[in-house]
Amino acid sequence: MKRLLVLGAGTAGTMVVNKLRPLLAESEWTITIVDQDDVHLYQPGLLLIPFGTYSPDEVVKQRRRQLRAGVDLVLGEIDVVLPDESTVKLLDGRELAYDYLVVATGTTPRPDQTPGMMGAEWRRSVFDFYTLEGASALADKLAAWEGGRLVVHITEMPIKCPVAPLEFAFLADSHFAARGMRDRVEITYVTPLDGAFTKPVAASRLGGMLEKRSISLEPDFYIERVDNEAKTLVSYDEREIPFDLLVTVPLNMGADFIARSGMGNELNYVPVDKGTFLSTRWDNVFAIGDAADLPTSKAGSVAHFAVEIFTENFLQLIKGEAMSHDFDGHANCFVESGGGKAMLIDFNYDTEPLPGKYPLAHIGPMSLLEESTINHWGKLGFKWVYWHALLPGRKLPVPTLMSMAGKQPDQKSETETFEKEMMR
Amino acid sequence: MSLATIADREVHVDDEGFMTEYEEWSEDLGAVLARNIGIEMTDAHWKAIRFLRDDYRSQGETPTLRRVTTVGAIPTKELFELFPKKPAKKMAYIAGLPKPAGCV
């Protein structure tokens, strides 16, 4: 018997086992997936919990129920991977040997990594929303909040779902307006990036959307600590930003066992080949989804496209053939913009998000880089798609590799030289 | 990509003026690039720039600020003093390396 072992039963890991199970004969292959608990969280739903759109129980299901028959779920905490021995040890002493390993343990917010973030104000006036506990606590806080300075903050890139903090700011604007208290709330968006987003066209459009909503932007802010007494964010270059309510995205890191196993970079992400996700060091180890060090968004859409590529490649690999499919870094993300609208962005390693139509060129029905109601319904409808089509491993009617059809590359922005920018 | 003349030498640069050919760089050029963005190089500056150059050669990508601090052992605070406001981008520019990957 050959053994495929997958670590992490989240979006990427669940898709991997569900796609491969029908393709690998049960008489030849065992498929085992490990997770520390049996709670599968619909992570895109977390953003909508603070505003009361979803309740916490609407975004969780049992992990085992998302897995196809013939997949073994092992619940337990991972102690260490011994890649040279092709074995994984769990904290309770169990050992799992494998022929092939897929690391899909994602990335986790780590507020403990920034001095003061988990101080006296944690979950009193300092909140995160990337955990069920954080999002739920923030929902209670927002419901009772009477206004003041709201600071939406990103600690350091990369973070999972990099558009989520922007969406949070847009939704907060719309939420306070609907409650008739927008004039009592000052919103500031604080980011280590030099603009609202990374890529020029999207950064300028999203930046314009912040401005239109009177949300001020504080770029190039690299946090050193949270001062709980003064209620300020303090940067390494000694800038201070006061807050009454801080909604922060803490530093994101891969799982600690990756560091213990000597398999990760300084943020515990596993270095892999950008096209195939094969470890750069071990030829029977892959890392898929947020756990990998790919230079693209950490997002479910990337995990989805990556799993499509991985499945094809894996079947070739076990037949002794060369892996012929190459991932392009394709990501697409809905960006909730408030007031029942959303925009959509679609991009990859080389092509920045551009305006246009998606998934059908010129037809859509969704618009890229433009707010529309239909995009918003797309985002809400995606929850059903996630549980009923994506996780079970059904093929979705969207291309795996990014397509330029329907995109408008001529909208490329003018670039200024760095020298000019610095001397301005 | 285009050609630019820096310190009387023709080198390849991208749209923003970041050098694109690792081998075309030298420390003399680095000093000129630094002056272009208002920085006078000292030993402390060079320590950081040399780490970037070495790390790029072994890793194939421009190190992040976190990596310069954790692996290169230069405190983040010091990097902000040496290369004010935008240390990651400034260091890459002076070191003749690609801009740190815009983490999307």
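## Where the chains meet

In this predicted model, 20 residues of chain A are in contact with 23 residues of chain B; two residues are in contact if their C-beta atoms, placed from the backbone, lie within 7 Å. The side of chain A that touches chain B divides into 8 nonpolar, 5 polar and 7 charged residues. Here Ala, Val, Leu, Ile, Met, Phe, Trp, Tyr, Cys and Pro count as nonpolar, Asp, Glu, Lys and Arg as charged, and the others, Gly among them, as polar.

Residues are numbered from 1 along each chain as its sequence is written, while chains are lettered from A and ligands numbered from 1 in the order in which they are written. Because the model is predicted, local features need pLDDT of at least 70 and side-chain atom pairs count only at pLDDT 80 or more, whereas totals for chains, interfaces and linings use all residues.

## Chain A as a whole

Chain A has 8 helices and 24 strands. Helices (H or I, at least four residues) and strands (E, at least two) are DSSP runs, numbered from the N terminus. The C-alpha trace of chain A spans about 65 × 50 × 45 Å along its principal axes. A compact globule of 424 residues would have a radius of gyration near 22 Å, and the 22 Å of chain A agrees with this. The radius is taken over C-alpha atoms, and the globule rule is 2.2 Å times the number of residues to the power 0.38.

Buried residues make up 45% of the 424 residues in chain A. A residue is buried if 20 or more other C-beta atoms lie within 10 Å of its own, exposed if 12 or fewer, and partly exposed in between, with C-beta atoms placed from the backbone. Of the contacts in chain A between residues at least 6 apart in sequence, 66% join residues at least 24 apart.

## Two helices in chain A

Helix 1 (residues 11–20) and helix 6 (residues 300–318) of chain A have axes that come within 9 Å and cross at roughly 30°. Axes are lines fitted to C-alpha atoms, for helices over the stretch in contact, and angles run from 0 to 180 degrees between N-to-C directions. Helix 1 and helix 6 of chain A are therefore roughly parallel to each other. Angles under 35 degrees count as roughly parallel, over 145 as roughly antiparallel, 65 to 115 as roughly perpendicular and the rest as oblique.

On the helix 1 side, the residues that meet helix 6 of chain A include Met15(A), Val16(A) and Leu20(A). Their partners in helix 6 of chain A include Val307(A), Phe310(A) and Phe314(A). By class, this contact of helix 1 with helix 6 of chain A has 8 nonpolar, 4 polar and 1 charged residues.

## Local points in chain A

Two cis peptide bonds can be described here. One joins Tyr358(A) and Pro359(A), with omega about -5°, and Pro359(A) lies in strand 23 (residues 356–360). Another joins Gly364(A) and Pro365(A), with omega about 15°, and Pro365(A) lies in strand 24 (residues 364–368).

Arg123(A) is not a glycine, yet has a positive phi of about 65°. Arg123(A) sits in the loop between strand 10 (107–109) and strand 11 (126–127) of chain A, and is partly exposed, with 15 other C-beta atoms within 10 Å. Cys161(A) also has a positive phi, near 50°. Cys161(A) is in the loop between strand 12 and helix 3 (164–178) of chain A; with 21 other C-beta atoms within 10 Å, Cys161(A) is buried.

## Chain B

Chain B has 5 helices and 2 strands, which run β-β-α-α-α-α-α from the N terminus on. The radius of gyration of chain B is 13 Å, close to the 13 Å from the globule rule for 104 residues, so chain B is as compact as a globular protein of that length. Of these 104 residues, 30% count as buried.

Helix 2 (residues 43–59) and helix 5 (residues 87–94) of chain B have axes that come within 9 Å and cross at roughly 75°, and are therefore roughly perpendicular to each other. Ala48(B), Ile49(B) and Leu52(B) of helix 2 make the contact with Met91(B), Ala92(B) and Ile94(B) of helix 5. The residues of this contact divide into 6 nonpolar, no polar and no charged.
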